[in-house]
Amino acid sequence: MSGIPLPIVQERLERRRPAEPPTEDIREKVFELEAAGEWIVHRVPEPYTEVTTKYGRIKKIPHEGLWHHKSCGQCGHIPGYSTSIFWLMRHLGFEYEDPKDQTSCTAWNYYASATSNSAAQAAVALRNFGAAYQSEHFPLIHCGTSYGHYKDVREELVHHAELRAKVRKIMDHLGRPFVMPEEIVHYSEWVYAMRNEFAARQVLDLSEVTVTVHPACHYHKLIVEDAIYDPDIYGGQRTAVVTAVAKALGATVADYSTWFDCCGFGFRHILVQRDFTRSFATQRKIEVMVEEANPDVVLTHDTGCVTTLDQSQFSARAHERKVGVPVMSEAQFAALAMGAHPYKVCQLHWHNTESRPLLEKMGIDWKERWAEFEEEVSMLEAGEKDFLTWDDADRTATAASAGV
Amino acid sequence: MTLAAHTYTEVPYEEKLRLFDEMRADPRYEDYLYGCYECGICVAACPSARFYDFSPRKITQAHARQDVELVFEQLNDDVWNCSQCFSCTRCPRGNNPGGLITVMREVAVGNGLGTARDALEGYGRVVYKIMGTGTQVSPDMLQPNAFPDWGPHVKEISDHLETWRRALQPETLHTTTTAWEVDDRTVAELYYIWYATGVMEMIEEVDEGLHEILEDVMEEVLEEAGFDDL
Amino acid sequence: MSDAVLVIGGGPAGLEAARSVADLGTQVILVEKRNRLGGTPDEAGYAALTPNFEPTQEALDRMRARVVDRPEVTLRLGSSVVEASGEAGAFEVTLEDAGGGRSTVEAGAVIMATGFQHFDPGRETQMYGYYEFPDVITLVDAEKMLSEHHFVRPSNGEEPKSVAFIQCVGSRDRRLGNEYCSKVCCGISSKQAIEIRRILPDARVYIFYIDMRMYGYWENQIYWPAQEEYHVNYVRGIVTEIVEKGGRLLMKGEDTTMGRPLEVPMDVIILAVGMEPSQETRNVASVFGVPQNKYGFVHVPGEPMDAVSTGVAGVFVAGAAAGPKDLEDSVSMAGAAAVKAVSLVRRQGAA
């Protein structure tokens, strides 16, 4: 080591000056429009946690009384993802609404095919926000793309009066109130705000588990100033969600050199031009993670990313690429850490990648858990019950024998 | 990239200009395009630039230079390579190349361009699903013939679909034809939005067959809900 | 009525202004918040000046020598301006020292030479990881090493094999709000590139840029020698991300000349950080009611023909307090400001 006194990272952080945010705060404009009688602002209910976003502004993350704005890809193909989010909420004792009057944000289709336009997209968004407002529950957005898209819609509606007028007319015709929420909140922001609650209820020891984190493009690259940044995570230089949760649960978060890269979902590509998606996911993400970080699991916080990284590995293995890492959302990971059933709640059997070695490392007896799941399934097949309930989900052989 | 003057010579300049003007008329255009000093940050961040001969910088520059010929070429050959990740919004000038591409795609679709139809070949069932039911994908779309490269795992899901869906605790997820249960009124509201915003007209341009099917499905529902002043 | 001129700031602009006023035979009070004269080049430890490679302290020593120990100059080190009242010809200004002690001075004219601060790269639109990676440094960090005639990787103290500069960090960026060009960074980076190549003849040095701002003689004094004698590689295309790979830094950019994305490993990456108004510039402008432009620099309504008058009569500006300036600009403005200040004071005296 040279004797030259050079500023290195810690010293730099100590010397750092606070600075004013460079961009306008869109929320101020949202409130101005309410004052001008243009729309109703759906306030964030109390209690809420204050978190910091990219330029140090405060964002309010509500705890309960939420309207779950569900994700197509999650509910359709990886339902353990949505189920885990509900499970986490129930285990913290929070009341919520799981609505039937919710449509998809339709942004997956929009980014894939452009068989839509900005008025339709804005109307779809505000119809959902109106429905949430009417139910007196604050919207929590499950999908990363829905979240990024809705942030974009908010910008467009604030800056274009004509578009606003068009959408208001449609809402009036539908009999829906014209509502913009005070904050657009992604579920991973709620998970971030609650991470210490999860850690307090953790039953598994994750100190041997290495995790790599993949941040969703639409979470932190669309409208960059509205994403959570935390000075304690990556020195506040990268978005903090997912990483903060994994750390709070005691796992080791390993870095890799393509952290900022997209997963390759492509919206249209994953459905009809999959060579791009699976090549990109394999070569730019999974292989790099395996080579540089050797993780036990890849965690991400978006539907498309879980789908892409999870499903692309099968064909890559056929080409003898260095893949083979389980992929799941941080919600499923946190739920597992708190003792959720890997199959009844986290529904890992819908995932393509092999997660059993990970479960073993986490101290979960997957053989027993799978047997329990199969038992439930046979009861469903035999018509002994129609559906699995939340009580069914938390019941395990071990718990039963322990008299729980 | 070849010299733009040598491609699509069969299309008259007036038509190319008309399409270019349609893009510029989009209210978002001025939010997405400022000047370009050709720094290349957008290309550096772009996943598609690594796999295709694709450059968000060249698309932005073509617009900034108002190069009608080049924009037309890109409208046909390049815009469907974009992965719409919006990494390019890191642009220091405030440009949104991905956003410009969204506008370009809407113009391509709304004008029924052959290359747009080609790009969306095989995608019709997804448009039907999202427009007709209110969710983009559904459990019953997990068929081996739809996703052969996802492996035998898809078959396993497909074989157990009905029971595995009943093995989900959230009540709204006991569905197979939609991702979650969407009530009838909500579906009707969605149909109304597609008509009222001109989306149905766009669909008619790019896929007449799909448009017919959707119209059939939507007509009755809209009438029942009382949304027939379209 | 006062026949003295108050110069606020003891950097190159302030030193030249104070000297000029004194040489014209007028009393000058030179206020500097630090305990020594020299300003930012001194505080930040600049090694050598652009374009002639003159050692910074030698140049500053010459400037300091011309203001100390002379009857026309009252030196107030370790002091800041906290309050002001009055008008051209009769300003009353309150100074505060480090211990909190206050005193008042009177001046007929004021010259603001309060300078700039370097942009904090943690706020940068691109992902440079300045607060994550020790080997990502700024021009200022590099100057400190170069003033000791060393250049090493901060992480391990070893000599780097590849060094890259990234231009326009914190400048020319609408998303940050710093839409302007900081004027000197291209020249300084090229100068440092030459210095590094002199110290480490086996190192490869790259400069990644959007445009090379080489005004006037800088073209042939710095840019051409950097390429022709020192084989510094200029690549047209800027970098968006810096990550760590295999113990080195990996940067992602586009080589726009070749039209393709590039990823190159580097040992040290130097961010060419731009200028922003210093806290003192903001404070003093506020104290005197001097209008600032939207970037926080002093607004100069008479530009370009009058480069030194502010929106307040009797208050003049010299140097980077008015926006990005090189040293030639700063000392030229100082001279012009001194003449205007002294004429004002003499006119008032004669009236």
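This report describes chains A, B and C of a predicted model, from whole-chain features down to single strands.

Residues are numbered from 1 along each chain as its sequence is written, and chains are lettered from A, and ligands numbered from 1, in the order in which they are written. Because the model is predicted, local features need pLDDT of at least 70 and side-chain atom pairs count only at pLDDT 80 or more, whereas totals for chains, interfaces and linings use all residues.

**Chain A as a whole**

Chain A holds 21 helices and 12 strands, where helices (H or I, at least four residues) and strands (E, at least two) are DSSP runs numbered from the N terminus. Its radius of gyration, 22 Å, is close to the 22 Å that the globule rule gives for 404 residues, so chain A is as compact as a globular protein of that length; the radius is taken over C-alpha atoms, and the rule is 2.2 Å times the number of residues to the power 0.38. Taken along the principal axes, the C-alpha atoms of chain A fill a box of roughly 75 × 60 × 45 Å. Of the 404 residues in chain A, 57% are buried, a residue being buried if 20 or more other C-beta atoms lie within 10 Å of its own, exposed if 12 or fewer, and partly exposed in between, with C-beta atoms placed from the backbone. Among contacts in chain A between residues at least 6 apart in sequence, 79% join residues at least 24 apart; two residues are in contact if their C-beta atoms, placed from the backbone, lie within 7 Å.

**Domains**

The domain bounds below come from an automatic or database domain assignment.

| Chain | Domains (residues) | Separation of centres over C-alpha atoms |
|---|---|---|
| A | domain 1 (26-187), domain 2 (201-367), domain 3 (368-401) | 35 Å, domain 1 to domain 3 |
| B | domain 1 (9-118), domain 2 (124-225) | 30 Å, domain 1 to domain 2 |

**Strand β4 of chain A**

In strand β4 (residues 66-69) of chain A, L66(A) and H68(A) point one way and W67(A) and H69(A) the other way, and all are buried. Strand β4(A) runs parallel to strand β5 (residues 96-97) of chain A, to which two bridges join it, and L66(A) stands opposite Y96(A) in β5(A). Four bridges join β4(A) to strand β6 (residues 138-141) of chain A, also in parallel, and there the bridge partner of H68(A) is L140(A). Two strands pair if DSSP finds at least two bridges between them.

**The sheet of chain C**

In chain C, five strands form an open sheet in the order β9-β16-β10-β11-β12, with parallel pairing. Strands β9 (136-138) and β12 (233-236) of chain C stand at the edges with a single partner strand each, so one side of each is left without a neighbour in the sheet. From one strand to the next the twist averages 25 degrees. Within this sheet, five bridges join the parallel strands β10 (residues 162-169) and β11 (residues 204-209) of chain C, and S162(C) stands opposite R204(C) in β11(C). Helix α5 (residues 185-199) of chain C lies across β10, β11 and β16 (268-273) of chain C, and runs at about 170 degrees to β11(C); axes are lines fitted to C-alpha atoms, for helices over the stretch in contact, and angles run from 0 to 180 degrees between N-to-C directions.

**Where chains B and C touch**

The contact takes 16 residues from chain B and 18 residues from chain C. On the side of chain B that touches chain C, α3 (41-45) and α4 (48-51) of chain B each supply at least two residues, and α3(B) gives the most, with four residues.
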